[in-house]
Amino acid sequence: MAQNKTVLLTGASGYIAKHIVLNLLNAGYDVVGSVRTLSRGDEVRAAVAPHVNDGVDLDKSLRFVALDLGKDDGWDDAMQGIDMLMHTASPFPLKQPRDENELIRPAVDGTLRALRAAHRAGIKRVVLTSSFAAVMKASLPKGRAIFDESDWSDPNSPTIDAYAKSKTLAERAAWDFVRDEAPDMALTTINPVMVLGPPLDVHFGGSVQVVERMLSGKDPMVPNYGLGCVDVRDVAQMHVRALSAPATHGKRILAVDSFLWFMELTAILKKQFPKRRIATRQAPDFLIRLMGMFDAAIRQIIPDLGKRFDVSNARAREMLNMEFIPAERSLQETAAYLVENKLV
Ligand code: NAP
């Protein structure tokens with residue numbers, strides 16, 4: 001147990017980060033969470049408060065600082081008294097912007113800002129939230145059908161979207177920084193596939209909105225598309241376990257339970273909520289291409305229609321002793337949260 005170690009967690013207001021805050025506190029760490037505006041700190045505190053272990057004194061163990069990925073202000077001050085950095089903040093929109101730099105600049109510049117400030121403050125341990133998006137736009141070597149940590153998205157691929165490019169370039173920038181300017185910094189990246197699982201409060205972003213959209217009945221049919229899924233509680237656990245696992249220094253670690261087609265996701269939801277209008281018929285690819293002309297969220301999946309992305313979790317199991325929550329359960333618990341809280 002790492003008593004008294006203090007972790008600076010960037011983007012503490014995020015869906016995944018709130019779970020990380022909770023896990024850090026319950027593992028005995030003190031947490032300084034960065035938010036863009038300090039008032040969001042109260043939201044994070046309220047989200048974790050019902051779940052912290054007895055004995056965790058939130059007044060002592062959790063405080064907040066205001067930091068923006070696009071501004072230099074405050075970073076050096078924020079690193080004072082910090083033992084370890086966990087960098088999760090990065091723009092994660094459901095729809096891709098017209099100008100890819102709206103995502104790339106904060107992702108890359110923000111990562112470098114965080115790492116440089118940590119390095120100046122003498123912080124030697126960093127865990128970075130990257131993504132399967134930094135892995136999946138790669139061509140697998142002949143004879144291998146499963147993605148692993150050796151695969152890297154090609155940022156110049158003609159089918160890469162702005163988000164995947166932002167995550168690829170940000171992770172590359174982090175590894176390059178450590179290699180060239182901070183060789184004594186121990187970096188680990190956690191690369192999750194699509195993250196599901198109940199949020200800690202109603203302020204959640206990106207991936208939960210996929211389930212929200214399926215439950216909303218908005219779409220008449222389901223695209224021939226799928227992604228690996230992983231539970232948010234496992235992703236948080238991996239971040240925290242990595243902090244005290246020297247074997248993970250210098251390593252990328254994929255976070256994944258299993259791949260599910262969207263048809264499988266909607267079938268699970270329909271079984272869970274038979275009375276709800278949930279699309280269960282598969283849309284022909286030409287229709288999705290047509291809908292993509294009007295819907296930016298649909299447009300970004302077009303290059304990957306019909307592609308199966310199987311992903312190895314061998315490293316996570318071996319180095320972090322992970323046993324993953326089954327994707328079906330994550331999905332059902334996400335849906336139950338949304339329905340119980342009348343969010344759909
Ligand atoms: P999220 O809820 O949207 O969290 C993103 C966080 O980044 C928020 O705290 C957000 O702050 C912060 N942020 C964005 N732009 C910022 C800026 N310019 N300055 C400061 N902070 C900024 O999404 P999430 O799913 O938890 O994602 C967290 C991390 O996991 C991201 O790095 C994402 O790429 C990665 N990831 C997510 C998934 C997934 O399926 N959810 C999968 C793989 C990787 P505000 O609250 O102020 O907007």
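This is a predicted model: local features need pLDDT of at least 70, side-chain atom pairs count only at pLDDT 80 or more; totals for chains, interfaces and linings use all residues.

Reader: Okay, holes. How many cavities of 30 Å³ or more are there?

Author: The structure holds 1 cavity of that size. The space in the largest cavity comes to about 60 Å³.

Reader: Which residues line the largest cavity?

Author: The lining is made of H87, T88, A89, S90, T111, L128, T129, S130, K167, A170 and E171. Two elements give two or more residues each to that lining, namely β5 (125-129) and α6 (162-181). The largest share, 3 residues, comes from α6.

Reader: Got it. What about the second largest pocket, what's its volume?

Author: The second largest pocket has about 300 Å³. Its lining consists of Q96, P97, R98, E100, T159, D161, A162, A296, R299, Q300 and P303. By class, that makes 4 nonpolar, 3 polar and 4 charged residues.

Reader: Switching to rings. How many aromatic pairs does the structure hold?

Author: The count is 6 aromatic pairs. One of them joins F147 and F309, a tilted pair with 5.8 Å centre to centre and 40° between the planes.

Reader: Where do F147 and F309 lie?

Author: F147 is in strand β6 (residues 146-147), while F309 is in the loop between α11 (296-299) and β12 (310-311). The two are 162 residues apart in sequence, so the pair ties together separate parts of the chain.

Reader: Are F147 and F309 buried or exposed?

Author: Both F147 and F309 are buried. They also belong to a cluster, in which ring pairs link F132, F147 and F309.

Reader: What about F259 and W261, what kind of pair is that?

Author: That pair is edge-to-face, because the planes of F259 and W261 are at 90°. Their ring centres are 4.9 Å apart. F259 has a relative accessible area of 7%, so it counts as buried.

Reader: Nice. Now α8, how many residues does it have?

Author: Helix α8 covers residues 232-243, which makes 12 residues. From its first C-alpha to its last it reaches 17 Å, close to the 16 Å expected at 1.5 Å a residue.

Reader: How many of the residues of α8 are buried?

Author: 9 of the 12 are buried, so α8 is largely enclosed by the rest of the structure. The buried ones are V232, D234, V235, A236, M238, H239, V240, A242 and L243.

Reader: Backbone check. Which residues have a positive phi although they're not a glycine?

Author: N321 is one of them, with a positive phi of about 55°. K342 also has a positive phi of about 55° and is not a glycine.

Reader: And where are N321 and K342 found?

Author: N321 is in the loop between α12 (314-320) and α13 (327-340), and K342 is in the segment after α13. N321 is exposed, with a relative accessible area of 61%. K342 has 71% relative accessibility and counts as exposed, since the cut-off is over 50%.

Reader: Last topic, sequence versus space. How far apart are R277 and G217?

Author: R277 and G217 are 60 residues apart in sequence and 5.1 Å apart in space, C-alpha to C-alpha. R277 is in the loop between α9 (262-272) and α10 (285-291). At 65% relative accessibility, R277 counts as exposed.

Reader: And N101 with A316, how far apart in space?

Author: Those two are 32 Å apart, C-alpha to C-alpha, and 215 residues apart in sequence. N101 lies in helix α5 (residues 101-120). With a relative accessible area of 34%, N101 is partly exposed.

Conventions. Residues are numbered from 1 along each chain as its sequence is written. Side-chain values use heavy atoms; hydrogens and water are left out. On a 1 Å grid over the protein atoms alone, a cavity is a set of points where a 1.4 Å probe fits but cannot get out, and a pocket is an open set with protein on both sides within 12 Å along at least five of seven lines; lining residues have an atom within 4 Å of a point. Grid points are joined across faces, edges and corners, and a volume is the space filled by probe spheres set on the points. Helices (H or I, at least four residues) and strands (E, at least two) are DSSP runs, numbered from the N terminus. Rings of Phe, Tyr and Trp (its six-membered ring) pair if their centres lie within 6.5 Å; planes under 30 degrees apart count as stacked, over 60 as edge-to-face and the rest as tilted. Buried means under 20% relative accessible area, exposed over 50%, partly exposed in between (1.4 Å probe, protein chains only). The expected span of a helix is 1.5 Å times one less than its number of residues. Ala, Val, Leu, Ile, Met, Phe, Trp, Tyr, Cys and Pro count as nonpolar, Asp, Glu, Lys and Arg as charged, and the others, Gly among them, as polar.
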